[in-house]
Amino acid sequence: MSDFLVIREIVNQFDPMGLIGMGAPDDEHDRLTQKIIRSLYDHNIDKIKDLLIDCYDEYGSSGRDIKEEYQESFNRKIQTTYNQIEVWYLNKNKPH
């Protein structure tokens with residue numbers, strides 16, 4: 001499976017606004033997927049959390065302005081997705 005498709009699968013599980021869950025096509029979040037891939041190829045994994053948080057802006061929401069009662073759940077969703085991407089990235093780039 002290509003790097004893009006692996007990251008697309010992770011991003012679609014993340015599904016920032018629940019659009020995939022409501023039947024949107026698999027390419028709904030491809031802009032985010034492309035940004036993540038670009039950062040990973042540049043070995044800039046530190047940008048990934050910001051990309052995940054800031055992607056909400058593209059949908060008219062703000063990942064930086066989450067109501068307090070949703071903050072813990074939001075942070076957990078970001079961290080879980082980041083962890084999945086990090087595991088993939090580290091496995092892909094470990095010395096053979």
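Reader: So what does Lys 92 form a salt bridge with?

Author: Lys 92 pairs with Asp 3, and their closest N and O atoms are 3.1 Å apart. A salt bridge here is a side-chain nitrogen of Lys or Arg within 4 Å of a carboxyl oxygen of Asp or Glu. The pair links distant parts of the chain, with Lys 92 in helix α4 and Asp 3 in helix α1, 89 residues apart. Helices (H or I, at least four residues) are DSSP runs numbered from the N terminus, as are strands (E, at least two).

Reader: Before I go on, where do these numbers come from?

Author: This is a predicted model, where local features need pLDDT of at least 70 and side-chain atom pairs count only at pLDDT 80 or more, while totals for chains, interfaces and linings use all residues. Residues are numbered from 1 along each chain as its sequence is written, and side-chain values use heavy atoms, with hydrogens and water left out.

Reader: Fine. Is Asp 3 buried or exposed?

Author: Asp 3 counts as buried, at 16% relative accessibility. Lys 92 is partly exposed, with a relative accessible area of 38%. The cut-offs are under 20% relative accessible area for buried, over 50% for exposed, and partly exposed in between (1.4 Å probe, protein chains only).

Reader: How many salt bridges turn up in the whole structure?

Author: The search finds 7. One of the pairs is Asp 30 with Arg 8, whose side chains meet at 2.6 Å, N to O. Asp 30 lies in helix α2 and Arg 8 in helix α1, so the pair ties together parts that are 22 residues apart in sequence.

Reader: And which other residues is Asp 30 in contact with, leaving aside neighbours within four places in sequence?

Author: Phe 4 and Arg 8. Contact means heavy atoms within 4.5 Å. Asp 30 is buried, and Arg 8 is buried too; for Asp 30 the relative accessibility is 14%.

Reader: What about Arg 31, which residue does it form a salt bridge with?

Author: Arg 31 goes to Glu 58, with the closest N and O atoms 3.6 Å apart. Arg 31 is in helix α2 and Glu 58 is in the loop between α3 and α4, 27 residues apart. Arg 31 counts as exposed at 54% relative accessibility, and Glu 58 as partly exposed at 39%. Lys 35 joins Arg 31 and Glu 58 in a network of salt bridges.

Reader: Let's stay on α2. Which of its residues are buried?

Author: Asp 30, Leu 32, Thr 33, Ile 36, Ile 37, Ser 39 and Leu 40. What covers them includes α1, α3 and α4.

Reader: How far apart are the end C-alpha atoms of α2?

Author: They are 16 Å apart, which agrees with the 16 Å that its 12 residues should span at 1.5 Å a residue. The expected span is 1.5 Å times one less than the number of residues.

Reader: OK, the core. Which residues touch the most other members?

Author: Ile 7, Leu 32, Ile 36, Leu 40, Ile 48 and Leu 52, in a largest nonpolar core of 22 residues. At least two core residues come from each of α1 (3-14), α2 (30-41), α3 (48-54) and α4 (68-93), and α4 gives the largest share, 6 residues. By nonpolar core I mean a set of buried Ala, Val, Leu, Ile, Met, Phe, Trp, Tyr and Cys residues joined through side-chain atoms within 4.5 Å.

Reader: And what is Ile 7 in contact with, leaving aside its close sequence neighbours?

Author: Beyond the neighbours within four places, Ile 7 is in contact with Thr 33, Ile 36, Ile 37, Leu 40, Ile 85 and Trp 88.

Reader: Switching to rings: how many aromatic pairs are there?

Author: There are 2. Phe 14 and Tyr 56 form an edge-to-face pair, 6.2 Å centre to centre with 90° between the planes. Rings of Phe, Tyr and Trp (its six-membered ring) pair if their centres lie within 6.5 Å; planes under 30 degrees apart count as stacked, over 60 as edge-to-face and the rest as tilted. Phe 14, Tyr 56 and Phe 74 form one aromatic cluster.

Reader: Last one: what phi does His 43 have?

Author: A positive one of about 55°, although His 43 is not a glycine. His 43 is in the loop between α2 and α3 and counts as exposed at 54% relative accessibility. Asp 15 also has a positive phi, near 40°, but Asp 15 counts as buried at 7%.
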